[in-house]
Amino acid sequence: MRDYADVDFYTDTSLVEDPHSYFDFLRAQNPVTKLPHRNVVAVTGYEETIQVMLDAEHFSSVNAVNGPIPDLPFEPKGDDITEEVRNARSKIAYSDQVVTEDGKRHADLRSILAMLFTPSRLKALEPNLRLTADTMIAEFANDGRVDLVAQYGGPYATLVIADLLGVPEKDRPLFRKYLENAIPAEVGGEVDMANSGFAKVGKHIFGYMTKRRLLNKPGIKQLRGLFGSDDSGEILTEVALAKFPDGSQPSLVDVTSLGAFLFGAGQDTTNRLLSNGFRIIAERPDVQEELRADPKRIGAFLEELLRFEGSVKSGGRLCVKTTTVGGVEIKAGTTLLLSHMAANRDPKRFDNPHEFDMNRPKAKEHLAFGRGAHTCIGAPLARKEVTVSIERLLARMGNIRLDEEFHGPEGNRRFDYEPTYILRALKSLHLKFDPI
Ligand code: HEM
């Protein structure tokens, strides 16, 4: 086993290709291990990860996305920094999103999103999921080859979220273009959210929300005709006019950020999960055969895929009150590196964790979607998106195999992963197939 004792998880690109060996190395020392850089403790055990995710008193989500980068804007002192974090929040990058807020503010924001993810709403989306899949597949189905990441998964996930949110049809191609190459937080890189495709999407959403609020003001309702036609649909109106549980109205920035965040949270995660899955389908003819013979097995495939190679590699928490996890003291001010991926390969929880096994009992207890107050609200949608995609792709693509021009011959395969510490993200997945 390589000695990883001095590597910096957040900057060392040599970990990108194979993060699993690194996490195994850490777990072998202790499932809760102090790292040599940045005042970070890594949690790689299944039970310990759940403990942290469920403990909102000692752990804040303020750094859930970026972890320890950049540093806190103050020097943590003492055993309780809850108040200091609250006061410094506006100076902590990206700390005002639903996923990074805590307590009541988080619950308020999440309540607005919850209206998009009701079972009836998801059911209503289903026919479109299938239609969108078929439309995307038609773009390459006769070519006999595809880069699944760029030509299918990315645009598919964008269009599904646009549909979920009720983005006007005319703007959807623009959204697709903006988000073509968007990828969060690079290893060793700066986080430049302001100039990203997400920011461009955010500008559009701000426009929709502003317009919907204006058009629904009492005196203006009668003058709607003067503002021209509007195909931005009921869903956007509902979100724009939604109230928090206590009856107060979210700011325009709140509703805009929520809408834009859905693309950040649901686009690449879903796209890269799908490509991780099709890498397995292409490398394992037995699995491919089983899924073709009995599409009902896609459910078991998907849960094992989420456990084995879910697309989220790591997230963060900030310890705000000194406590212990797995017998290790964590001081207030310490960042926790939480790895959903490492927890899902903890041999104490899953036998032979590095083996892909569609018959694994209780694979569904994986942590790919997190746990606790911040559990992925889009999980039911993501599951449907991936299930429909696998069904439709298998129906149109026979004999799926890796394209050796890009991935090399059997025994000497090459795969490039995006240099991000957040996602397990194949840069591309080039497949060959027999058109059906
Ligand atoms: C395979 C696909 C996906 C994976 C692996 C995934 C994973 C996760 C994880 C691990 C979290 C928890 C983060 C934390 O605890 O700090 C999360 C939160 C979240 N996800 Fe997903 N996600 C996926 C797809 C989606 C989709 C499709 C959407 C929406 C369109 C979405 C929206 C969200 C939102 C809004 C949150 C924040 C929830 C909160 O903080 O209350 N995700 N996701």
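**A pair of packed helices**

Tutor: Start with the crossing itself: α5 passes α6 in a right-handed crossing. This is a predicted model. Helix α5 covers residues 119-138, and helix α6 covers residues 148-165. Their axes come within 10 Å. They cross at roughly 150°. Angles over 145 degrees count as roughly antiparallel, so α5 is roughly antiparallel to α6. Two packed helices are described by the angle between their axes and the distance between the axes.

Now find the residues that make the contact. On α5, look for Leu125, Asn128, Leu129, Thr132, Ala133 and Met136. Facing them on α6 are Tyr152, Pro155, Tyr156, Leu159, Val160, Asp163 and Leu164. By class, this contact has 10 nonpolar residues, two polar and one charged.

How far can the prediction be trusted? The protein chain averages a pLDDT of 93. At least 70 is the score of 94% of the residues. The model has an ipTM of 0.99 and a pTM of 0.95. Where pLDDT is low, the predicted coordinates should not be read in detail.

For orientation, turn to the ligand. There are 28 residues around the ligand, and Gly266, Thr269, Gly370, Cys376 and Gly378 come nearest. Two or more shell residues come from each of α4 (103-114), α10 (252-266), α11 (268-283) and α15 (379-396). Helix α10 gives the largest share, four residues. The shell divides into 16 nonpolar, 11 polar and one charged residues.

Conventions. Residues are numbered from 1 along each chain as its sequence is written. This is a predicted model: local features need pLDDT of at least 70, side-chain atom pairs count only at pLDDT 80 or more; totals for chains, interfaces and linings use all residues. A residue is near a molecule or strand if its C-beta atom, placed from the backbone, lies within 6 Å of it. Ala, Val, Leu, Ile, Met, Phe, Trp, Tyr, Cys and Pro count as nonpolar, Asp, Glu, Lys and Arg as charged, and the others, Gly among them, as polar. Axes are lines fitted to C-alpha atoms, for helices over the stretch in contact, and angles run from 0 to 180 degrees between N-to-C directions. Angles under 35 degrees count as roughly parallel, over 145 as roughly antiparallel, 65 to 115 as roughly perpendicular and the rest as oblique. A crossing is left-handed if the near helix is turned anticlockwise from the far one by less than a right angle, and right-handed if clockwise. Two residues are in contact if their C-beta atoms, placed from the backbone, lie within 7 Å. pLDDT is the predictor's confidence in each residue, from 0 to 100.
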